[in-house]
Amino acid sequence: MTLLVDTSPISVPARTVHRYVEVDGVEVFYRESLPERADAPVLLLLHGFPSASHQFRRLIDSLGRHYRLIAPDYPGFGHTRTPEHFTYSFDRLADVVEGFTERLGLTRYAMYLFDFGAPVGFRLALRHPERVAGLVVQNGNAYLEGLSDTARDFIALTPDTPGAESTILGLFTLAATRAQYEGGTTDPALVAPEGWLLDQHFLDQPGRTRATSPPIPPGRHGCASTARRR
């Protein structure tokens with residue numbers, strides 16, 4: 001009997017460190033690969049909603065030996081810790097991510113912008129185009145024409161829209177989180193459940209499901225956009 005032996009080299013995942021750095025009172029959690037070359041190109045990974053940097057862990061495993069992959073959690077997401085009275089907006093998230101890149105000494109990098117990361121990363125690119133070597137944009141919009149009808153209806157919500165609060169808070173349920181993983185897939189069995197369960201764990205932390213959009217009357221939640229959530 002002839003034994004067939006696979007002699008192809010085994011792919012070794014990249015070494016990854018998990019750290020915090022303080023930016024204007026925010027304790028930013030991030031993952032960073034340790035590439036084999038000290039001068040490896042830098043790729044900044046900006047995650048989507050309702051996830052965090054853990055959505056990139058397999059990408060970091062695959063590419064992190066050859067590229068310096070860096071993935072922070074935004075304020076209000078993942079492991080990042082924010083002061084009690086932090087103001088949530090895309091501008092503020094961009095402020096923190098900008099300060100994060102400066103704390104790490106990043107002067108030149110490409111960005112992978114996924115979903116919620118697009119409006120954060122676009123702001124960084126507009127502020128410092130000289131730092132951005134390239135953009136990879138997935139499921140992110142820079143223009144209204146690219147939005148679906150559902151998305152248009154969603155961002156049109158105001159605190160006075162009937163049912164707005166329940167519509168917004170519905171995004172933070174386990175069913176909605178799971179649907180973002182399995183929606184549109186041809187075979188849901190290929191989607192590992194720990195992704196949406198980990199996302200839901202963070203969404204269920206105290207204060208994380210509070211969605212506000214100024215100006216909001218006292219005592220009301222309301223929201224025009226999940227840009228001002230948690």
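Modeller: A helix here is a DSSP run of H or I at least four residues long, numbered from the N terminus. In this predicted model, the helix α2 is followed by G105, whose phi is positive, near 70°.

Colleague: Which residues of α2 are called buried, and what makes them so?

Modeller: The term applies under 20% relative accessible area. In α2, F90, L93, A94, V96, V97, E98, G99, F100 and T101 are buried, so each of them falls under that cut-off. Their cover includes the strands β1 (16–23), β2 (26–33), β3 (42–46), β4 (68–72) and β5, together with the helix α3 (117–127). Across the protein, 40% of the 230 residues count as buried.

Colleague: Why is L197 called neither buried nor exposed?

Modeller: L197, which is found in helix α7, has a relative accessibility of 45%. Buried would require a value under 20% and exposed a value over 50%, so L197 is partly exposed. The C-alpha atom of L197 is 7.9 Å from that of R178, although the two residues are 19 apart along the chain.

Colleague: What makes a residue part of the lining of the largest pocket, and which residues lie nearest its centre?

Modeller: A lining residue has an atom within 4 Å of a pocket point. The lining comprises 41 residues, and F49, D115, F116, N139 and Q180 lie nearest the centre. The space in this pocket is about 1600 Å³. At least two lining residues come from each of α1 (57–63), β5 (109–114), α4 (149–155), α6 (174–182) and α7 (194–203). The largest share, four residues, belongs to α4.

Colleague: What is the make-up of this lining by class?

Modeller: The lining has 21 nonpolar, 15 polar and five charged residues. Gly is counted among the polar residues, and Asp, Glu, Lys and Arg are the charged ones, so D115, one of the residues nearest the centre, counts as charged.

Colleague: How many helices and strands does the protein have, and in what pattern?

Modeller: There are seven helices and six strands, in the order β-β-β-α-β-α-β-α-β-α-α-α-α along the sequence.

Definitions and conventions
Residues are numbered from 1 along each chain as its sequence is written. This is a predicted model: local features need pLDDT of at least 70, side-chain atom pairs count only at pLDDT 80 or more; totals for chains, interfaces and linings use all residues. Side-chain values use heavy atoms; hydrogens and water are left out. On a 1 Å grid over the protein atoms alone, a cavity is a set of points where a 1.4 Å probe fits but cannot get out, and a pocket is an open set with protein on both sides within 12 Å along at least five of seven lines; lining residues have an atom within 4 Å of a point. Grid points are joined across faces, edges and corners, and a volume is the space filled by probe spheres set on the points. Buried means under 20% relative accessible area, exposed over 50%, partly exposed in between (1.4 Å probe, protein chains only). Contact means heavy atoms within 4.5 Å.
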